[in-house]
Amino acid sequence: MIVDDVRRLDEHDPLAAFASRFVEPGERDRVVAYLDGNSLGRPPLATRRRLLELVDEQWGGRLIRAWSEGWMELPTTIGDQLASAALGAVPGQTIIADSTTVCLYKALRAAVAMRPDRGEILTDRHNFPTDGYVVDGVAEQLGLTVRRIDSDPASGVTVEQVAAQLSSRTSAVLLSHVAYRSAFIADMAAITEITHDSGALVVWDLCHSVGCIPILLDDHDVDFAVGCTYKYLNAGPGAPAFLYIRAEHQDGFVPAVPGWMGHADPFAMQPTYSPGHGIRRALSGTPPITGLIGVQEGVGLVEEAGIDRIRAKAVALTELVTALVDDWLVPLGAGLGSPRDASVRGGHVTVTHPEAADISRRLIDEGVIIDYRPPDGIRIGLSPLTTSFTRTWAAMEVFRDVLAGER
Ligand SMILES: *Cc1c(COP(=O)(O)O)cnc(C)c1O
């Protein structure tokens, strides 16, 4: 591979024009390449315009009347838009609300409550920390036990590992679709199926897959799914998360956080709670309108680009980076901490090195924005809508020079 090949990849990239629809860092921000869109996506220009409009016109002009002029429906209308663009789900099953952590808690509490005669939650030891804390918290609060799969940190949870740990005691299985360390894609279809065969329910964390790889929640009979919007969906720092509850589970969904926004008639101001219809009962408090605007614009860009084209570009970008890791970085003492097979690799590539923390600092000093994940991982995020092949190449040159001690 030479730099001319990489230029050609950009020339033939059907998504190349999307990069110009995001805010560019300024000169003094000294960004050679932003390779952390899988942790915090970049701001769409449309979001800036919409937020100004929100303050000046809706909030500023319509004032409290705006709640009944569309704001109240945003958690479900944007949820439906996300479901269609990126989740493979029909309307009425997805809301935008809370944080991923809170949505995980709501989903897991509901799942275990639907299996009252079973006392064990199954999860992955190497899942994202907050997922593990939620599992431990729910187990402690309800007197359940937790079983953990020892997955390989350089790949992820396999169907065989899940099958070996499922039992008639398992009430719920909580796993990440794409592993945050390695980008390994778990087999959602097969794991969901064996979980159901054992009589348990599944909760999928989609934080590192939503907006990057196609997801088929309805086709795979997924029970619950949760994910964040500020990574590949570019919705903004702390933008609200989403929660998917399969239609057939909604009547049985007992909210762990019953609040007035999930009430059957919020403005009747009833003294006691009665759950609202359908997915709305999973809402708790007032919808975060500023954050929702960011979700709407981010989802709109994914819808326009098409999730299949986004996936194709993610494959091409991660193929380029894994080839350069092998050619340039492995001879300098680094390793590949992600799957070699693109069919089970999401949108980032992890490079391992014993001095990963120090190397990460030096890369960021050189304007190559990546992130460090202890103990030895440097994640190269390749968010398809905002990352070009030539910038990725330039960043990898810096990486090679830093490892060679030439910077
Ligand atoms: C980013 C991420 C989270 C983040 O949770 P928040 O509540 O939004 O802070 C949770 N789980 C996984 C797998 C993640 O990648």
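**Sheets, helices and the ligand site of the predicted model**

Seven strands make up an open sheet in which they follow the order 2-8-7-6-5-3-4, and the pairing among them is mixed. Strand 2 (94-97) and strand 4 (145-149) stand at the edges of this sheet with a single partner strand each, so one side of each is left without a neighbour in the sheet. On average, and with direction ignored, neighbouring strands of this sheet are turned by 20 degrees against each other. The model described here is a predicted one.

The surroundings of the ligand are considered next. The ligand is surrounded by S99, T100, T101, F128, T130, D131, S176, D205, C207, H208, Y230 and K231. By class, this shell divides into three nonpolar, six polar and three charged residues, and helix 4 (100-113) and helix 5 (129-142) each supply at least two of the residues in it. Taken alone, the ligand exposes 390 Å², of which the protein buries 87%.

A further open sheet consists of four strands in the order 9-10-13-12, with antiparallel pairing. Its edges are formed by strand 9 (335-336) and strand 12 (371-373), each of which has a single partner strand, so one side of each is left without a neighbour in the sheet. Strand 12 pairs with strand 13 (residues 377-381) in the antiparallel sense over three bridges, and Y372 stands opposite I378 in strand 13. Helix 10 (residues 356-365) packs on this sheet and touches strand 12 and strand 13, with its direction making about 40 degrees with that of strand 13. Helix 9 (residues 307-329) lies across strand 9, strand 10 (348-352) and strand 13, and runs at about 15 degrees to strand 10. The loop between strand 12 and strand 13 contains P375, and the peptide bond leading from P374 to P375 is cis, with omega near 5 degrees.

Contact between helices is illustrated by helix 1 (residues 3-11) and helix 11 (residues 389-403), which pack at an angle of about 145 degrees with their axes 8 Å apart. In this contact, V3, V6, R7, L9 and D10 of helix 1 meet F389, T390 and W393 of helix 11. Sorted by class, the contact of helix 1 with helix 11 has five nonpolar, one polar and two charged residues.

A backbone feature of another kind is found at L63, a residue other than glycine whose phi is positive, near 55 degrees. L63 lies in the loop between helix 2 (45-62) and helix 3 (74-87).

Technical notes
Residues numbered from 1 in each chain as written. Predicted model: local features only at pLDDT ≥ 70, side-chain atom pairs only at ≥ 80, totals over all residues. Heavy atoms only, no water. Pairing = 2+ DSSP bridges. Contact = heavy atoms within 4.5 Å. Axes fitted to C-alpha atoms, helices over the stretch in contact; angles between N-to-C directions. Near = heavy atom within 4 Å. Areas by Shrake-Rupley, 256 points an atom, 1.4 Å probe, with all protein chains shown as cover. Nonpolar A, V, L, I, M, F, W, Y, C, P; charged D, E, K, R; others polar.
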